[in-house]
Amino acid sequence: MNRDKLIRELRAVVGDEYVLVEKEDVIVYEQDGSIMQAMPEIVVLPGSAEEVAAVVRAAKQANVPIVPRGSGTGLAGGAVPAEGGVVISLARMNRILELDLRNRLAVVEPGVINQDVTKAVAADGFFYAPDPSSQAACSIGGNIANNSGGPHTLAYGVTTNHVLGVEVVLDDGRVVWLGGQVPDCAGYDLCGAFVGSEGTVGIVTKAVLHLMRSRESVRTLLAIFDRMDAATQTVVDITAAGIVPAALEMMDRLTIEAVETGAPVGYPRDADAVLLVELEGVREFTERGAREVHEICMHHGARQVRVAQDDAERLRLWKGRKGAFGALGTLAPNYYVQDGVVPRSRLPEIMRQIATISARYHLRIANVFHAGDGNLHPNILFDMRTPGELDKVIAAGEDILRACVAVGGSITGEHGIGLEKKAYIGLLFSDADLNAMAKVRKAFDPDGRFNPAKMFPTPITCAEMRRAPAKIPAGLWI
Amino acid sequence: MRDLTIDADRLARELGGMLGAAVQRDPASLRAHAVDGLVPQIRCAPKDTDELCAILRVCDASGAAVIPWGGGTAMHWGNPPSRADVVISLEQFNRLVEHDDANLTATVQAGMRVAALQELLGGRHQCLAIDPPDPQHSTIGGTAAANINGPRRMAYGGVRDLVIGMKMVLASGEPIKAGGKVVKNVAGYDMCKLFVGSLGTLGIITEVTFKMTPLPETAGTVVARGSLAQTASLIEALFGSVLTPAAVTVVDGRVAAAAGLQPAEASVAVWAEGFTETVARHVRDVQAMAGQSGMTTEVVHDIGHRRLWETVRDFGAVGAPPVVFRLTVPPADVMPVLAVVCRLSDGGALRYVAHAGTGTVWLAFDTPAPVTAWFPRLAALAQEYHGHAVLAAAPPEVKRTVDVWGPSPQALGLMQELKRQFDPHGTLNPGRFVAGI
Ligand SMILES: Cc1cc2nc3c(=O)[nH]c(=O)nc-3n(C[C@H](O)[C@H](O)[C@H](O)COP(=O)(O)OP(=O)(O)OC[C@H]3O[C@@H](n4cnc5c(N)ncnc54)[C@H](O)[C@@H]3O)c2cc1C
Ligand SMILES: Cc1cc2nc3c(=O)[nH]c(=O)nc-3n(C[C@H](O)[C@H](O)[C@H](O)COP(=O)(O)OP(=O)(O)OC[C@H]3O[C@@H](n4cnc5c(N)ncnc54)[C@H](O)[C@@H]3O)c2cc1C
């Protein structure tokens, strides 16, 4: 490509100050929340859909890849420019364009930070349900690309259940709406197909989000177990009893140790598991539901069940859970988080298998996860400075993913495939299955210009990338 | 241009060689499988995926147009097909593959009848929270392909939200799968979304995995009667409250009477389910709100509750009225839209069922005459509210004069390209989808 010509064109579109090419400027875009790095060639920060479209056309003309980027908190290397080209950061497009509370809708630009949507409507009694633990930093565009979940998506659904329409820029610079302000728009559900496409088929420039009415009452319980098996069986039984909590989160012994070392909240260090259960709804529902959850916990021999009596206590119960990720640093210099999912009925079994894998590799694994939907987050602890250690960690991670698939699960519940897991997507899907996905890609992006080398198995593997621990901004948890 | 005439005798011999007696050509059976007046030449019912793949390979190669057939209850959906040669029935795909009740999921073959599935699930205190019309006949695959949603969508989500995995066979005869059996999964593109609502134009669905819902401890419905204006004010109060009903549906007097209720200008039915005390709270609060709107209420349980919601569920589908429209508008605009429609029809032969929580308005007319006058008017009305209108049922000769899906979507080019990618020869349900896809 003629790099200088492209840079001149991009500057003409967005203005000089929004085209970054010097190493000291682009280096902050070399990584996301994963361990993978690649130095960008050019970073552009457009301010409108029209500018995004013009940037896309210029990149097509120059025949270089395009990598969309939100806040760079992704954990699978999705925003890392593995094959160079133009990184398009949507960070400047961060306006909430319209709030229609009568119809429970918000129209936002992609760079809006997740948490800011709820902040904008909370006083009126509404919230935006998908709440990734990174919500203080991650963008709506990134959430849509990754179909992100969060602790409260158990009852309310993940991003795809709350996005009605997206305006996207296609590979030739056309701007089209997929979906709209109402569901069931005529034709194929292209909005549904777009959500979760990890930046490989187009760039979101606007989104119509579905807001929910705040619930009347919240009840939070924390149960302490002497045995992990009893805790996972409790999750199975709560689900089977038909009580759908808003959140159902779990921490294991190693995580408890980290929390009590790093930011103590009074968990007994000899406990094997802590279960956090939150119920939301009308008062009659949460009262009765909390009573039944309490009984199921006791039935499985919970050592103690704490019930929050007010908001302050509720926040205290959550404090340990929210502090767990940050506290892992007290146990080891580095940790590597996996994102496998299993049917909830298989939770007891998979936790035993993870313990076996941990022993086999002599690696400590701290589990802190969304138990209610079977979404595991095993954090493998290690020290990057020890030669060969990272490869061992990645091998152990692969074993965990294989174990998840073997019990009918998936290799990723919310973080996405990206660069990180594309070598494993074949564990789930046949060539024919992947070929069908490739047809979708081809219909949207015939040249494969958007985010090449992601999601689909291709020669570049995670092991060939430059790797370093990510710097996670403060205020995020996992 | 491909030659679009097929040699039905040769095709039947070829399929017969593979399937034996499962290939039917008797005229009565074929007539019973006419689609919008088009009578197919062959009907077959593969016994498994291998047979289905083989049939599709042969049809795709010979240029025969294939009509996938579930229960046949929603064959009136869509534009009349441009061709209909081979009906492929999924009647032999009728098993519950797995019900993982502790995971609240079930995997079901596409030809299974919805009622038969509900009965098996009910035995283990769960259900599928989708209420398609005529569940004795409608199938799981058809419900997914047509994306038919019932009144409880506002509480449990629609078909697209409840499907987590699928198996399908493409026009080329290649079997593929999508998603899985876990409730949270972002591995690869969400292919299920493309196939839900694709009306059999991208592939034939053979198996679907759904999220289940526990059967509620109890259920009940408050019905409030009054004027359209009173109904609107009650719904606004409900919407402003913290209540979480399963469905909020407005019906006209004739539908109310058919449901065994006292008729009024409008009746709004609020379905509450869950714990006994939760339902009691809803009944109490809704009655109070209705009283404030000056409406008369009645509470129905058991048989009365079932009859009401079955009437709502089957509206426009069972005992098919000649002309049915579906409008989808933002939820708060349901009552304004209904008011306009009622004014336009001026007490005429119009009946309606409107789901206030999800913005879906079903309108039925007893004569086919209104289509030419009403369809453009309804489409414009829906569009004014950022929604859309579909002609859900009409006699074939009427349907041939319009695109039942309304004006083409902005992304039509992408949709046509997807169709080309998945079904390059236009083998599956040709002509039925938007803009003749
Ligand atoms: C501490 C921590 C906790 C986390 N917790 C959760 C959690 O609870 N649940 C969860 O699901 N995830 C979680 N994540 C992962 C991450 O925050 C989410 O994936 C998030 O949605 C990424 O948003 P982002 O704006 O940072 O996107 P980026 O990382 O910038 O990009 C992510 C992907 O989206 C694409 N993309 C970004 N913007 C656009 C756009 N406008 N159009 C098209 N494609 C685009 C990129 O190309 C890339 O493939 C966590 C991450 C961290 C670091
Ligand atoms: C009494 C009552 C009256 C209501 N009246 C209105 C109203 O006037 N205006 C209004 O905007 N909403 C109205 N709603 C509906 C409301 O927006 C949603 O149905 C409800 O918030 C969905 O939340 P949920 O917790 O029930 O389920 P969720 O899990 O949030 O949603 C259920 C599913 O239904 C579909 N869905 C539901 N609502 C919408 C929507 N608004 N747009 C698109 N898809 C949707 C989605 O596909 C979603 O996946 C009303 C709700 C109640 C309780």
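**Notes on the A/B model**

1. Across the interface of chain B and chain A, the rule finds 12 salt bridges, a salt bridge being a side-chain nitrogen of Lys or Arg within 4 Å of a carboxyl oxygen of Asp or Glu. One to look at is B:Lys184 with A:Asp373, where the closest N and O atoms are 3.8 Å apart.

2. Before going on, some housekeeping. This is a predicted model, with local features needing pLDDT of at least 70 and side-chain atom pairs counting only at pLDDT 80 or more, while totals for chains, interfaces and linings use all residues. Residues are numbered from 1 along each chain as its sequence is written, chains are lettered from A and ligands numbered from 1 in the order in which they are written, and side-chain values use heavy atoms, with hydrogens and water left out.

3. Back to the interface. On the B side 71 residues are in contact with 86 residues of chain A, contact meaning heavy atoms within 4.5 Å. The size of an interface is often given as the accessible area lost when the parts come together. Here the area buried between chain B and chain A is about 6500 Å², with carbon and sulfur atoms giving 59% of it; that area is what the two parts lose on being put together, summed over both, with a 1.4 Å probe. In chain B, the residues losing the most area to chain A are B:Lys184, B:Val186 and B:Tyr189, together 15% of what that side buries.

4. Polar contacts between the chains come to 30 residue pairs, both at pLDDT 80 or more. The term covers a pair of N or O atoms within 3.5 Å; within protein, one must be able to donate a hydrogen and the other to accept it, and residues adjacent in sequence count only if both atoms are side-chain atoms. As for which elements of chain B touch chain A, those supplying at least two residues each include strand S9 (175–179), helix H9 (228–240) and helix H16 (412–422). H16(B) gives the most to that side, with seven residues. Helices (H or I, at least four residues) and strands (E, at least two) are DSSP runs, numbered from the N terminus.

5. B:Asn147 deserves a click. B:Asn147 is in the loop between helix H5 (140–146) and helix H6 (153–156) of chain B, and counts as buried because its relative accessible area is 13%. The cut-offs are under 20% for buried, over 50% for exposed and partly exposed in between (1.4 Å probe, protein chains only). The side chain of B:Asn147 makes a polar contact of 3.2 Å with that of A:Asp184, and another of 3.1 Å with the side chain of B:Asn149.

6. What does B:Gly173 touch, not counting residues up to four places away in sequence? The list is B:Cys53, B:Leu56 and B:Arg57. B:Gly173 is in the loop between strand S8 (163–170) and S9 of chain B, and is buried because its relative accessibility is 3%.

7. Helix H3(B) (residues 49–62) has 14 residues and reaches 20 Å from first C-alpha to last, close to the 20 Å expected at 1.5 Å a residue; the expected span is 1.5 Å times one less than the number of residues. Its buried residues include B:Cys53 and B:Leu56. B:Asp48 caps the N-terminal end, with a side-chain oxygen 3.3 Å from the backbone nitrogen of B:Asp50. After the helix comes B:Gly63, with a positive phi near 80°.

8. Now the cores. A nonpolar core is a set of buried Ala, Val, Leu, Ile, Met, Phe, Trp, Tyr and Cys residues joined through side-chain atoms within 4.5 Å. The largest has 212 residues, and A:Leu178 and B:Phe325 touch the most other members. Helix H13 (residues 389–406) of chain A gives the most to this core, with nine residues. There is also a second, separate core of 28 residues, with A:Ile224, A:Leu331, A:Val337 and A:Ile478 among them.

9. Last stop: A:Asp399, in helix H13 of chain A. Its side chain and that of A:Arg360 are joined by a polar contact of 2.8 Å. Leaving aside neighbours within four places in sequence, A:Asp399 is in contact with A:Ile357, A:Arg360 and A:Tyr361.
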